[in-house]
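Here's a quick tour for anyone new to this one. Have a look at the sequence and the fold, then read on.

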Amino acid sequence: MSRRSKMIEKIKDLMYKPDQIRNIGIVAHIDHGKTTLSDNLLAGAGMISEDLAGDQRFLDFDEQEQARGITIDAANVSMVHEFKGQEYLINLIDTPGHVDFGGDVTRAMRAVDGSVVVVCAVEGVMPQTETVLRQSLKEHVKPVLFINKVDRLINELKLTPEELQNRFVKIIAEVNKLIKNMAPEDKVDEWKADVANGSVAFGSAYHNWAINVPMMQKTGITFKDIIDYCNEDKQKELAKKVPISEVLLSMVVEHLPSPKESQAYRVPHIWDGDLESPEGKGMISCDPNGPLAVMVTNVSVDKHAGEIATGRVYGGTISKGTEVYLVGSHSKSRVQQVGVYFGPERVNTDDVPVGNIVYIAGARGAIAGETICSPDTHIVEFEGLDHISEPVVTVAVEAKNTKDLPKLIEVLRQVAKEDPTIKVEINEETGEHLVSGMGELHLEVISYRINEKGVEITTSEPIVVYRETVAGKAGPVEGKSPNKHNRFYLEVEPMEPELFAAYQAGDLKEGRVKGKEAANDFMEYGMEKEEARRVWDVYSKSMFINMTRGIQYLDEVKELLLEGFESAMDKGPIADEICMGLKFKLVDAKLHEDAVHRGPAQVLPAIRKAIYGSMMLAKPTLLEPMQKVFINVPQDYMGSCTREVQNRRGTIVDMQQHNDMVTIESKVPVAEMFGFAGDIRSAAEGRCLWSTENSGFERLPNELQRNIIKEIRQRKGLSEEPYGPDHYLE
């Protein structure tokens, strides 16, 4: 029996022992060494050759990933590790570090229970480290810390033992500060990274060695020895004595929770159903015989097997050949195959029980965020996946050959399913297909994938996505229905800045407001009590509040009013862009007593007119997407780099000096970031490292408003100037 077959047999056996399973994600800033680390863990588990580990990038099996040298998709693999005489199944997900692919990190965090946070010893905690740690803690995923590239501190920067220690103390303190601010309150002390208990490891993924306190105690190797090994160029010997896979996988087994442990506190956080119901009890106790509950975290399309859904089994057991119910799409489907991942290949099994990461062939129509259960138990859906950033750059996509048009539409739908962070808009009337993504690189990769699926395309220059809001207050204004029998009186004003920031950061959830609990959240972020208790709906980071009292028939048209409000927020009055940061108050209404005269054809136009009319009276403005830009550069080039940022309407937020290196933190509009990569390289003669992070939307300067509105309207085939308030209000 080959080593591979033995490993698969062990995996199939351990799947049924939830105490001996660890589901982990590897997260970090771009280029801090996640995929190299994953390679070495796989080599240690005997899945790839030790000589190739680090160069092979086994989990970057997509040709775009190999060509660009970065991880684009989260990749899954299962392996077995022996710790203190017992075998454990480790399901690992290697996630991307580039800000454009942050959606993959969010989705991976829903599937795992623990994360290994990798920090580069030279660069320290970087902006994306903070973002991925926030994504991990938001999903109640426990972290452990691995400080990578320690060999570079010794060999390149020639740090003394004291300087080494100071560098480590600083990194650990920064990580713990983030954990303190973002972890669940009752877990903060337990989840802090602590050198003494072994939840922090130091090492070099490239040279295959790592050390933590338990390993020092076991082998007697000290930090002084490590400095000697590095200085004497004996890192290969070191890797044999303290192999990275042994140190890290043991740390994972000892410090990260099993599904049985973690589901007890994670299920109440990610599932809104009744915890006392059979489904709730089954998930919390991790019962393989309980009702089936699977959360889909990813969907990919395989040439031979069709749609493959990846998900986490939170309750019961999923078996091949059985019928399942997809809660979100209200459809049934028959599962053709189930199994686990082995890097680029999939291993089929008959069943996959609770606590495992599963692949499912045959769950037709599933998308990321879908809940799967058995047809006889229609369970409550899992909480939706909140992606921290939203698509801000758009390209128009056209098929090179007209005959490919029908296929292009099908491929665009497939691509949107595989990557829920992109937004695809197919306009059947104009024949225009718009794809929106996180940034230039994201859209380049998507375009490449469309070509790969057999459709040759041309893409337009990237277009930036704007948002509409108001700068002032207006109202009450009157919106009349076409038959003049129904009237709605509305006021509009900007949402409280604190509240708007909370929605931008994802701290508050949108949706129709049920019950009084939400009012406390609104008041916490600066809203008045009376208004907070009367919010009906939060949609597109805007609110609809009913301030009326005792209006007859209002409840009967409530659904129509909210439908009108939501559709108006999708396309604003100044440039047909999405609206955000608005607060609409319904202060009065007059309704016809006969239901026939207050149907959708009357109520919808009336409320839309009132919304658009009030916005046009309240200083309507555009918001533009912003990015934080972090540049790490030698002091001599600081001036040319700050000039590069300021020439792009950027503002410098902070500057810090460390030896002869300067870190510049700035904020730049996304519209000005095209071509930045080439320009910043030439400004610093190639001697800079830079990264970006999405930073929400801010008001577009007044002097640019008119031109940009005109450009957007021309592009969309609208009249040059937006309609004034009189057009909507008679």
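Let's start with F202, which counts as buried because its relative accessibility is 3% (buried is under 20% relative accessible area, exposed over 50%, partly exposed in between, with a 1.4 Å probe and protein chains only). Keep in mind that this is a predicted model, where local features need pLDDT of at least 70, side-chain atom pairs count only at pLDDT 80 or more, and totals for chains, interfaces and linings use all residues. Residues are numbered from 1 along each chain as its sequence is written, and side-chain values use heavy atoms, with hydrogens and water left out.

**Aromatic pairs**

- The count of aromatic pairs comes to 8; rings of Phe, Tyr and Trp (its six-membered ring) pair if their centres lie within 6.5 Å, and planes under 30 degrees apart are stacked, over 60 edge-to-face and the rest tilted.
- F168 and F202 make a tilted pair, since their ring centres are 4.6 Å apart and their planes meet at 40°.
- This pair ties together parts 34 residues apart in sequence, because F168 is in helix 7 (residues 161-182) and F202 in strand 6 (residues 200-204); helices (H or I, at least four residues) and strands (E, at least two) are DSSP runs, numbered from the N terminus.
- F168 is buried too, at 5% relative accessibility.
- F544 and F565 form another tilted pair, 5.4 Å centre to centre with 50° between the planes.
- Here F544 sits in strand 28 (residues 542-546) and F565 in helix 20, so the pair links parts 21 residues apart in sequence.
- F544 is buried at 0% relative accessibility, and F565 is buried at 0% as well.
- F544 and F565 also belong to one aromatic cluster with W536 and F584.

**Helix 20**

- Helix 20 (residues 554-570) has 17 residues and spans 24 Å from first C-alpha to last, close to the 24 Å expected (1.5 Å times one less than the number of residues).
- It bends by about 30° at L560, the bend being the angle between axes fitted to the seven residues ending there and the seven starting there.
- Its buried residues include L560, G564, F565 and E566.

**Around P259**

- P259 belongs to helix 13 (residues 259-270) and is buried, with a relative accessible area of 0%.
- Leaving aside neighbours within four places in sequence, P259 touches P18, I21, N23, D113, C286, R312 and G355 (contact means heavy atoms within 4.5 Å).
- The C-alpha atoms of P259 and Q20 are 8.9 Å apart, though 239 residues separate them along the chain.
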